[in-house]
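Here's a quick tour of a protein model, with an eye on its charged side chains. Have a look at the structure first, then read on.

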Amino acid sequence: MDINTIIKLVQSVPPDKLTDEKTLKKVLKAASKEAGKNFSDDEIDRFVKDFKNIAKGGSPLGLVSALLKTGVSKNQLTDIAKKLDKK
């Protein structure tokens with residue numbers, strides 16, 4: 001999985017579109033494709049819901065839990081967090 005590409009995809013979302021469902025689905029599908037994953041529409045919908053919750057100030061634990069279940073390691077999550085903080 002190329003973490004840098006996925007981070008760039010997420011960072012490409014304008015702040016005013018962080019809660020736009022259509023934009024988030026597009027970015028999440030691109031990120032999952034880049035990661036070599038093929039998520040169902042239900043899984044993408046769940047990720048969008050979790051992401052929107054986080055963008056509104058909610059807890060990121062739901063998204064973290066879902067990512068861990070799909071094969072993302074704790075080290076990869078740590079790398080993502082560090083790189084996002086360097087924006």
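## Lys29 and its partner

Lys29 is partly exposed, at a relative accessible area of 41% (buried means under 20%, exposed over 50%, partly exposed in between, with a 1.4 Å probe and protein chains only). Its side chain meets that of Asp41 in a salt bridge, 3.9 Å from N to O (a side-chain nitrogen of Lys or Arg within 4 Å of a carboxyl oxygen of Asp or Glu). Asp41 sits in helix H3 and Lys29 in helix H2, so this pair ties together parts 12 residues apart in sequence. Asp41 counts as exposed, at 53% relative accessibility.

Glu21, Lys25 and Asp45 are linked in a network of salt bridges. Lys25 pairs with Asp45 at 3.0 Å, N to O. Asp45 belongs to helix H3 (residues 41–55) and Lys25 to helix H2, so that bridge joins parts 20 residues apart in sequence.

Lys25 also bridges to Glu21, with the closest N and O atoms 3.7 Å apart. Those two are 4 residues apart in helix H2 (residues 21–34), about one helical turn.

## The whole chain

The protein has 5 helices and 0 strands (DSSP runs: H or I of at least four residues for helices, E of at least two for strands, numbered from the N terminus). Of its 87 residues, 26% count as buried.

## About the model

This is a predicted model: local features need pLDDT of at least 70, side-chain atom pairs count only at pLDDT 80 or more, and totals for chains, interfaces and linings use all residues. Residues are numbered from 1 along each chain as its sequence is written, and side-chain values use heavy atoms, leaving out hydrogens and water.
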